[in-house]
Structure formats: C-alpha cells, structure tokens
Number of protein chains: 2
Amino acid sequence: MTEQRILSRADLDFLLHDWLGVDDLLGRPEFAEHDRDTVDAVLELAEQIATERFAPHNRAADVAEPHVGPDGHVVVVDGVREAIAAFAGAGFIGASVPAEQGGTGLPFTVARAALAWFQAANIGTASYPFLTTGAANLLLAHGTPEQIEAWVPPMLDGRASGTMCLSEPQAGSSLADITTRAEPQPDGTYRVVGTKMWISGGEHELTPNIVHLVLAKIPGGPAGVKGISLIAVPRFLSDGARNDVVLAGVNHKMGYRGTVNTLLNFGESGGAVGWLVGAEHGGLAAMFHMMNEARVGVGMGAAALGVTGYLHSLEYARTRTQGRPVGGRDVTTPMIPIAEHPDVKRMLLAQKAYAEAGMALGLYCSRLVDEKDTAPSDDDRARAALLLDVLTPIAKSWPSQWCLTANDLAIQVLGGSGYTRDFPVEQFYRDNRLNPIHEGTHGIQAIDLLGRKAVMRGGAGLELLLATIRATVGRADAYPEYAAALESALVRVEKTTTTLHAAGDPDVTLANASVYLEAVGHVVVAWIWLEQLLAVDARDGADGGGAFAEGKRAAARYFFRFELPRTGPQFDLLDSLDTTTLDWTVS
Amino acid sequence: MTEQRILSRADLDFLLHDWLGVDDLLGRPEFAEHDRDTVDAVLELAEQIATERFAPHNRAADVAEPHVGPDGHVVVVDGVREAIAAFAGAGFIGASVPAEQGGTGLPFTVARAALAWFQAANIGTASYPFLTTGAANLLLAHGTPEQIEAWVPPMLDGRASGTMCLSEPQAGSSLADITTRAEPQPDGTYRVVGTKMWISGGEHELTPNIVHLVLAKIPGGPAGVKGISLIAVPRFLSDGARNDVVLAGVNHKMGYRGTVNTLLNFGESGGAVGWLVGAEHGGLAAMFHMMNEARVGVGMGAAALGVTGYLHSLEYARTRTQGRPVGGRDVTTPMIPIAEHPDVKRMLLAQKAYAEAGMALGLYCSRLVDEKDTAPSDDDRARAALLLDVLTPIAKSWPSQWCLTANDLAIQVLGGSGYTRDFPVEQFYRDNRLNPIHEGTHGIQAIDLLGRKAVMRGGAGLELLLATIRATVGRADAYPEYAAALESALVRVEKTTTTLHAAGDPDVTLANASVYLEAVGHVVVAWIWLEQLLAVDARDGADGGGAFAEGKRAAARYFFRFELPRTGPQFDLLDSLDTTTLDWTVS
C-alpha cells in the first residue's frame, strides 16, 4: 500500500458543493434523508473502501488476468470478491436508487463522485458492481414488479451481478444486425439462442447468480433495430438449475484486464430460459434509457484514471531530482526536483487541465441527471434532459480521448520508470485505452453528436447548450480574455453546424464528424474551466484560495492558451466541407 | 505466420529510387561494388529474414519476456538467437560498414531501409543487433587499431554484442551527474566501478560475448560532461575470464519486452577491466558521434511500427464488414467493409500520412548521412552534416509522437478486437510508446532543437533547412495550395524563432520548447509530403500511377488539410511568449 492519494477529495468537495450546488439539491424532498454530513461520510467511505479493498489488488488483477480454471470456472485473483462484497455492503450498488426501492437514495451527482474513487483505485474490479448497478436501474425502470422483486434486491446486496449483452461477433457497432433469437413459449417465457461478444462480467463465481440482460429478436418482429427486444436471462434459475448459457471464450485485453470479458453462447442445448423486460420490440429503447448514464460513466472512468495518473506523476515529479535550472550547469549545485522544469510543469498542467475537466464535466452531467429527475418544475426537468442528451457524446468521448493523453503524459513525466511495470501509470494508460472503444466508439459518438443531437428538435438541444455557455460568458467580466475567446468559439460552433447541415449530402455532412466532436468538445471544456474559475473566485475571492485556487487558475489559463485555440483549424476544415476522406478509394 | 505484409516494398522502392536518388549514389566510388540489383536483393533478403525469423516470435517474446533463470542466466524465448544469427550471417550488422573494414559497404540509406523490415517485424529482437551495429561503428570511429581488431569482427559476424551504458539510477537525462568511475591502472587499462541503468541487451546468452561501452569519469578530470570518458568493458576478457560486471536487475516494461533491459553493477569485486576508447574526457563527444544515427534509428523504428500497424488495420478494414452507407438503413442489404466508412477512412489515411512520412523523413536523414560521408565536394558534405544536425531532433521525435498516434488509430480501426491481444496492433502501440522516451526524451529533443540547433553557427542550420524547403516550394507550381501553405509556415518558423530568442530570458525562450519542436516538426513533414508528391508526379505523370500514386496524393492532401493547420495556434502561442507553465508553482 502506498500513501499516494488516488483522487483529490478537495477537488470533489469543490465541484460538488462550491460549483454544482449539491447542498441546494439536498433540500429537495427526494433527498430529505441526506445532508452535507451524510455526503461527507459517503465520500469518506468510498475513499476508504477504494483505498483498502480495491487499490491493493489492482496490479495483481492486471498480471493474473481472469482465466478459465481446470474445473471450467473463471478464476480471478484474491481480493476481488471481498472488494465487491464491501462495495455492496456499503450500499454503493444502489447508491442512487431511491430508498423506497431498496437503495441508498443519494443524489446521482454524489453517487457518481463517490464511484469515481473506485474507478481510480481499480477500474477492472469496479466494473463488476458498476454493471450490476446499470442492470438494476434498467430493471427498476422497465421490469414488472415480479421481475424487480426477483432480481433487484439480490443485485443491490451483492448476491447477483448484472451484465449487458448487446454485441455479437458479426454485430458490434451495428446492432441492427444482431441475430440472437428469443422464441416465445406457452408459459410466457422465452428461449434465447445466439452468441454474444464482449460481455464484461459474463461468467464468474464472484456472486451467487448473474442476470444477463440480452438484446434479441423475437421472430416475426420488424427488421433492424425496431425488432429488438430485451430479455433477462439468469445464469441460475429460481430452482437452482443452471440455465442454458455457456462460456465460449475469454478475451485477453491490453488493459482493463481485471474485468473478465467473455464470449457467451445462449441456447447450445435448446434455448436459455428468459423473460421479456419491457415491451416486445422495445429493447433498444429500454437499453438506451440507461445508455446516457453508462456513457457518462465511461467518461468518468476515463477522468478518474486521468486524475489518478496526474496525482501519481505529480508526486514523482516533486520528489525525483534531475538536472538544474536553465543556465545552471554547475554540477556542484544540487539537482532540482523535475517538477521545477518548465517542460515537466507543462506535462503536469496539461494533465490537470484534462483530467480535472473530465471529472467536472462528468459531474456536471450527473447533476443534470438529478435535475431531470428532481427539479421542481417540469420545464426545468425537460431542459436538463435535453442538455444532458446533447452533452452525453462529449462527456463520453472527450475524457476518453484527453484523459488517455493525460496518462500518456504521466508516463512521460516518469520517463523510463513510467514505462516500467514498477509504477502504475503504464497500467492506467493501458486501462484507459478501452474507453474510446466501449459503449459506442469515438466515431459513433461523433455521428450521434453531429448527426442526431445537434439537429434534434430543430436544433433546440444545441441552442440550449450554447445559451447555457453564453450565460457563463455573461458572468465572466473578470476574465475578458477567456470570455472573448469562448464567445468567438460559440459563434464558430453555430456557423459550422449550419454549414455542415446545409451541405446537401449526408456523406459530406458527416465525413468529418469526429473532427466536429473534438472541436465542440474542446469548446465545452473551455466553458467547464471558466465555470470552475468563477466558482473558485466566488468561494475564495479573486486572488484568494492558496494553492488549490492557484492550481485551478493555472489549469484554466493553460486550457485557454494551449488548448482552445486548437479548435480554429478544426472549424476551418469543417467549414470547407472537406472531402479528402470521401474521395480516397482505399486500396 | 500470416500472409500480412509487414512493410510496403513498393513504398521503399519509391522512396529510395524515385525520390532519394539512390541510383546516383551507387555511382560513387564508395559504392562501386553495388548496383540496383544488389540493392533489390538486400531488401528482399531483409524482408525474407524479417518475415521468417523475426516476426514469428514477436508475440511470444512479448508474452514471455526475458527473465533470470534459476542458474542466474537471462532466459529469452526460442527463436531470438537464431534470428540474430541469421541477421548477422546475412551481413546486416555491418550493412553500412565499408567492405575494407569487414562490412557489406551499402549506402547508409539502403541499409536503413533494409533494417526497417526488422523493426516492423519484431522491434524487440531487432534491438540486439542494432545496438551491436552502433557499438561497432563507434569503435571503428574512435577505437585504436588493436581495439577494432579485438572487438569489431566478432560484432560483425555475430559472436559479440554491444551495449551503450550511459544512464545511472540518479542520472538519466542529466549525464553531467554520472558517478561511475574509471581508475587508470599501470598497465594502461582502467578499473570501472559504478551502476548503470536502462541498459538494453546488458546481459544475455545470445552471443558468446558482450562489449559494454560505458560512460565513466576518470578521477581528476573536469566536472560535468567535460569529464566523461568512454570505456569499453567486455563481459568476458580475452583469456575467457568473466569480467567484474554483474546483472543487478531486469526491468519489466509495458512494451519492447523482447529486449532485455538491465541494471548492471560494474566493479562489485574491485573493478571491471576496461579500455579507454578515444580521448580521455572525450567520451561524450564520441558517444554523440553516434547519437545522430541512433536518434534517426529510433524515429525509423517508430515509423516502421507505424507503417506495419497501418497495413494490419488496412487489411482488417478491407475484410471486416459492419454497418451500411449513410442513409442505408435497410438491413436486408449486405453490410459493407468498414474501410468504406468515412471515419474509418480518416483513421486509415491519418495513419498513412503519419507513418509513410516518418519513414520518408528517416530515409531522407539517412541520405544525408551518405551525403556527408560521400558527397564529391567538401562543401556538400558540410551542408549535409549541418542539415542532418538540425533535422535529427525532429527525425527522432516526430515519428515517435505521430506514429504512436498512428498505432492508436490502428487499434481504433479494429475496435474491441484491436484492444485484444489476439491482434498485433496493441503490441505495436505498447512497443512504440518507448520511442518518445529513450535516446533523449521528447523534452530533451525540444531543447536540442530550439536551444542549440536553431541557433548554432548563427542560425546557419535553420537557414539551410528553410532554404531547402523553399527550393521544394519553388518546384511545386502544380500544387499552389500546398506551396502557399508551406511558404506561410516557413515565414512563421523564422519569425517565431527570432521572437523566442529575442525574449531576453532563457527560461522564457525555452518554456514552450516542446510546442516549438512539434510545430516545426509538422512543417518539416508537410515538406516531406510535398517532396513525395513531386516525386510521384515525376515518375508517373500528374494524373498517373494508379492506386499507389492516388494513395500518396490522398495522404498529402490529408496532411495539408488536416495537419499542417494545427501549427497556426502553436506559433501564435509561441509568439506570445506565454509563461503559463513558468508562472505556476507546482503544489
């Protein structure tokens, strides 16, 4: 065990209380049983369990990844089961599930902040209960009372895990092409037959049962995504019999190795017994009900890895001495900590600017989840839901891209040491590399933002985002340089979006969707930095706040000086309706 | 074994013959014994040995990295020894060593192109003989006739390996602070005492002997880098006795795992016997004699990994079907190869633009090595040496950065599959991550370019680079868009360099040296693309050349449209003499 802090509690407190107004939120009836003290206690408990139960086996689970033992069972390293039990025992699986449904009833924002500790400590082990939370929430939203009664309590208290079974070998990003079948039976159940790929937590002995939530087609339904149903398939049936679900293979990954990732065969012996969740052919909508939160969760995981990599490299840079100041070539003088070299400071500040913004963006979106669920007025709820919809592809993709870059810089700060497995930063980098891939790739997020979210409801979502950012700009008199830069960037977003959608050819509109996603993402994050600046000043006074506030000011300055200007050439390219990629015939 | 091509022979032929004029080079007396046929045969042999001997154990050496066996010897996987023997047997260790010194006498350019096959096939195994080549060249340049006679022939024929022992635990980038001592003895030898860190190939049984080239301080010499001497320390002395060099540890890395990387203790039992190579206290100059070539070699390794990752992802994208064209939602129509999706094409084209440029830049620098060694006039030799000096930090750092990005994109093209160890792209990514670290980190290259190379000889080197690029612009009438963009960028390089050096404070001048390195690197690579375009058109006609020429044109267009414009904000930042990093007190 190391003394190394894995996240910054001071930053989380700042984001939750000084920026996102969690204390106001706690005044709402939904959260009446909680106050600042319980929030503090939850964060403290999360840090403690993450540090004591999750972090210690993070490397071990990477080295000895899950494998199939001689008895056919999946073997994981010691500590995983205990970690999950501690997590469930403390009520984190149902952290944001209302108390009347058996959960802890925390605001989603607080729950997400608490969960970040586990992602920072050990993202591989954290995946198991996180998937279970997603499955429980889905069942609570779409299951019958009997289904909820049967499966949700065991999930919340750690007796059952959940999985999401979407992809198939021939259908990854293209869910329209899944072929898994669910045949209706006279008794109202279904028999599921098919193969599912990339199923995290698909088979293990960590909990007594596993409930698979499976996308499948009920024969006779519409073609494509409109014919997809959601079927719950427990590993063990209520009579204790093993269901017809067979582990067909375990994937071996570059990172995220602690999470067993499986190929599952359903129905090798006639058909796995399953129950329809929600409406027939309504499976994709039900699954996507959860997708916003899952995607924000991916972004938060990327951010948590970014922050923890930053903190590890910061600690190294403060203590490792090497070289002397520019011009100081007298070798009889002592070497200085590398944290004093400008290029190392650049790499630290960039990490801070990326990772703390990723965390802030994820918590902002989580705050929108609370708003859409608990705002006093329907209008406010609708606005929050709309803004969350627009922001989701960015909250998923931006941290996945830039907090991976942060981990890359953490390695570089440590130099040769960072490239060895004696330090954890290389694992953060390998783990984080999954995030631009799963839960919708970077390219899928790009099409979602430009092709759907930017134009849905006549562009109302994007307008709301821009108006929200403009409101911040309007409060930023103290930062005229940043306010002006951000306002200019907003004008470019508007103009570029219009230009792209006026192209008259959907291929041309979407050809450089990823560039659009990245440019708009940087604009959003510049806004997040301006928001944080204003919150720091409001709390500490314009020049106060000591090292914490100075760090926020330096990172914001870094982002506005080094990062936001990157978007200029991106908007130029988009405005030109460039067709370089379309015109090239791959050969 | 896969049918997958690991590099493009057509591209190498184009670069060598149609662009770099290797045939002209072969007309020089130094290369009289070679002609196009021997060059072709050498490339073919390199491809064959790389494919048959190096590639097959690339994954195995990654999985079962070198370790210390029960008898204290370093154990490597099967196939490494045979690969090195085949490499040496074919004359590749001395590929560019003149025939009268026992080598193959190839132009350096041709040798480098041939060696790229081995880096693409298995960079871990390739490192062993590559280090030996470096050591042999260093001895040939600075050793006494007796030293050369004793050590170089065994190196060239595979009986001895070489290492470079620079770093120490407390002195990585700061060589001024090494503490290893070399005590002179009455018999003219030295006794070496100290610890060396990050020594690749420092201990193994792959060759009968190993000759360590060690930087050490002879007592009484000047402090700092001016008091460093170069000492040769063989593992076994000529009487067969084991020298006093002990393996103190093996480093475990994220990638490049096939290359054993060691901590070595010299003189645990009184002192390792060594011989001074070159002048007393002249060790750093001797070592840096080789450094230009070593750094270009690192860049070539990065590029080779970039190209091979591109070719692997290209093959995958051509054969993996998923989804349908934009607007084509009818699932009864067949899915299309992902290589037809614009976003996948973008990721392929970006890889091509990065990786082929990295390869081209490395071969251009190699051509400068030949020019500085064999140009008919002293003036031309001096100019080539000067240009090589300026380009070296870019040829090292640019491919190390952008061909790693290429490998990142290769993973993304393969999606979840790319993240598994069932496909080789994740290993390329892990292997390539070393290149921005070793042989001088990214930050060290940045200081080298801005602090030394850009201003040496009154700026003559940078002027020569700019004039060379301008000559290309002057020939680019057929590409007015690119020519104008490149000329504008050159003006910015000039202005920014002047501004930075006029800052009056070396801290401010160098604060953002890495941004300068990256901006100038992108300008240089835009030039490399324009050069390739002109060479393609000269060979094939402005519209001819089929798929090969179209690919070059598309990649050049990608670079000028998507990449070169990134430099605008970088130059803006530099021109502002931004002190964000200097002003932040790390806390």
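Q: Why is B:Met291 called buried?
A: Buried means under 20% relative accessible area, exposed means over 50%, and partly exposed is in between (1.4 Å probe, protein chains only). B:Met291 has a relative accessible area of 8%, so B:Met291 counts as buried. This residue lies in helix α9 (residues 283–319) of chain B; helices are DSSP runs of H or I with at least four residues, numbered from the N terminus.

Q: What is B:Met291 in contact with, leaving aside its neighbours within four places in sequence?
A: Contact means heavy atoms within 4.5 Å, and on that rule the partners are B:Leu166 and B:Glu439. B:Met291 and B:Gly134 are 9.1 Å apart in space, C-alpha to C-alpha, and 157 residues apart in sequence.

Q: What kind of model is this, and how are residues and chains labelled?
A: This is a predicted model, in which local features need pLDDT of at least 70 and side-chain atom pairs count only at pLDDT 80 or more, while totals for chains, interfaces and linings use all residues. Residues are numbered from 1 along each chain as its sequence is written, chains are lettered from A and ligands numbered from 1 in the order in which they are written, and side-chain values use heavy atoms, with hydrogens and water left out.

Q: What makes A:Arg470 and A:Glu494 a salt bridge?
A: A salt bridge is a side-chain nitrogen of Lys or Arg within 4 Å of a carboxyl oxygen of Asp or Glu. The closest N and O atoms of A:Arg470 and A:Glu494 are 3.2 Å apart, and the pair forms a salt bridge. The two link distant parts of the chain, with A:Arg470 in helix α15 and A:Glu494 in helix α16 (residues 480–501), 24 residues apart.

Q: Why does A:Arg470 count as partly exposed?
A: A:Arg470 is at 27% relative accessibility, so it counts as partly exposed. A:Glu494 is at 32% and therefore counts as partly exposed too.

Q: How do you know that B:Arg36 and B:Asp40 meet in a salt bridge?
A: Their side chains come to 3.1 Å, N to O. Both lie in helix α3 (residues 36–54) of chain B, four residues apart, about one turn of the helix. With a relative accessible area of 34%, B:Arg36 is partly exposed.

Q: Where do A:Lys352 and A:Glu356 lie?
A: Both are in helix α10 (residues 342–374) of chain A, four residues apart.

Q: How many salt bridges does the rule find across the interface of chain A and chain B?
A: There are 10 across that interface. Among them, B:Arg324 and A:Asp177 meet at 2.6 Å, N to O. Over all chains, the structure holds 86 salt bridges.

Q: How many residues of chain A are in contact with chain B?
A: 86 residues of chain A are in contact with 86 residues of chain B.
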